[in-house]
Amino acid sequence: MGVFPLHDRPRLWGVAVSHYQVEGGDPCDWTAWEEAGRTKGGACGRAAGSWERYEEDAGLAAAAGANAFRFSVSWSRVEPRRGAWDDAALERYGRFVDRLLTRGLEPVVTLHHYTHPVWFHEETPWTSPASVESFARFARKVAAALAPRVRVWITLNEPLVFVLGGFLDGQIPPGVASSRSASLALGNLFAAHAAAAAEVHGVSPHAAVGIAHNVMDFAPLRPRGPLDRAIAAHARRLYNRGFLDAFASGMWDLWIPPFTRLKGRLPSLRNSLDFVGVNYYSRLHVACPAATRVLSRFEYRDPRGRGLTDNGWEIAPESFGPLLREAGALGLPLLVTENGLADGDDSRRPGFLRSHVEALLEAGRSGVEIAGYLHWSLVDNFEWLDGYGPKFGLYSVDRETLERRPRPSVAVFRDLGKSFLAEALPERHAQKLVHI
């Protein structure tokens, strides 16, 4: 089996969205979370209306020069009740895949992007081994409907972020705050990935299957402080390679200061990835405050004076290359599955795009196998806890009419895509990325 079996398309250049953030009208666990007032940004509601406008969105991506489109399948639409399948929803996703292919866009499908059917947390929660079979059954159903038209699959989006937010500090559904629950959930998510990868390969043996892992750089808030430096180094190891190395060894041991340890072993996890998906946005500065019960604190800073993004994140393209090389040490191709910024007036996006794409190309020149780049996001969308405030889209969305309008950076994105796709791959990379 090959790693990235795209003979006709050795590199991907495209955009990314997720179902809940753009589709609208999706009654899942996040809907109930919002109704309970757990998000400061309000409710998702219609989102960007993409459930009815996916064909239009495909045209926008093609007009922006993309050759790939990442989207996720809503589990709650496909299996609204446990064991009860909505074939019409699957057919809708199938028509979208057909439209993408007609437009010359490679579909990149994500199976889990944070949300769940309303029955899931009660009947087969991630703290139970039953969750693994539930997810594998869902993966089997979707793969049977969309393969072999879909050749690139992502089982889980940011599983570590999901565990930390959903099971350790309770900020997102299911809203648990328990070290024991976090440990169980991570183990079952790893098992669910391995099982889903096997299901996809069972239906489509030559498919490329990966995960999307959020990588993050960490810097000491006080560079001369030994405790700050130690905490920053530990956070970087844990968050990046500490998680990814589990896919090489089948074992993980993540110590989250001060008292949480996520540890386990799963032989089927080894060699379950065909590629590594990398989500990258920013860098955090960390400190060890004195005389408190909190071991560390995290802040976004702007030491280089570039200006923070609209949601207060540092723009740090110099961290992108080292993190790509770190992830590339697994020996698998990297697909940048998300990279972008909140920039409503589009003043920083052109420079952000140029600097991050240059860092990506430089990583490729230095030996990292780069399978492609997917920008977050095609259109402005619902940003989970922050609602509709942050604007990540290449295209703006009018909240009243849902009309899409191109931002000036669409032209920059298109030109960068031409350069990215035209740059020659090192021969050893080209053979590995496209060979079956």
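Ala, Val, Leu, Ile, Met, Phe, Trp, Tyr, Cys and Pro are counted here as nonpolar, Asp, Glu, Lys and Arg as charged, and the others, Gly among them, as polar. I note that this is a predicted model, in which local features need pLDDT of at least 70 and side-chain atom pairs count only at pLDDT 80 or more, while totals for chains, interfaces and linings use all residues. Residues are numbered from 1 along each chain as its sequence is written, and side-chain values use heavy atoms, with hydrogens and water left out.

**Entry 1. Cavity**

I worked on a 1 Å grid over the protein atoms alone: a cavity is a set of points where a 1.4 Å probe fits but cannot get out, a pocket is an open set with protein on both sides within 12 Å along at least five of seven lines, and lining residues have an atom within 4 Å of a point. Grid points are joined across faces, edges and corners, and a volume is the space filled by probe spheres set on the points. I found 1 cavity of 30 Å³ or more by this rule. The largest cavity has a volume of about 30 Å³. I listed its lining as Asp380, Asn381, Tyr388, Lys391, Val397 and Arg399. By class, that lining divides into 2 nonpolar, 1 polar and 3 charged residues.

I then looked up the largest pocket, whose volume is about 1,600 Å³. It is lined by 43 residues, of which Val161, Gln171, Met216, Tyr239 and Leu284 are the closest to its centre. Helices (H or I, at least four residues) and strands (E, at least two) are DSSP runs, numbered from the N terminus. Helix 8 (159-168), strand 5 (208-220), helix 10 (226-244), strand 6 (251-256) and strand 8 (275-287) each give two or more residues to this lining. Helix 10 gives the most, with 6 residues. I counted the lining by class as 27 nonpolar, 9 polar and 7 charged residues.

**Entry 2. Val286**

Val286 lies in strand 8. I recorded Val286 as buried, with a relative accessible area of 0%; buried means under 20%, exposed over 50% and partly exposed in between (1.4 Å probe, protein chains only). Contact means heavy atoms within 4.5 Å. Leaving aside neighbours within four places in sequence, the contacts of Val286 include Phe218, Leu221, Asp228, Ile231 and Phe298. The C-alpha atoms of Val286 and Arg229 are separated by 8.4 Å, although the two residues are 57 residues apart along the chain.

**Entry 3. Aromatic pairs**

I paired rings of Phe, Tyr and Trp (its six-membered ring) if their centres lie within 6.5 Å; planes under 30 degrees apart count as stacked, over 60 as edge-to-face and the rest as tilted. The structure holds 34 aromatic pairs. Trp75 and Phe120 form a tilted pair, at 5.2 Å centre to centre and 55 degrees between the planes. This pair links distant parts of the chain, with Trp75 in helix 4 and Phe120 in helix 6, 45 residues apart. Both Trp75 and Phe120 are buried. Phe190 and Phe243 form a stacked pair, at 5.4 Å centre to centre and 25 degrees between the planes. Phe190 lies in helix 9 and Phe243 in helix 10, so this pair ties together parts that are 53 residues apart in sequence. I also noted one aromatic cluster, formed by Tyr20, Trp30, Tyr114, Phe382, Trp384 and Tyr388.
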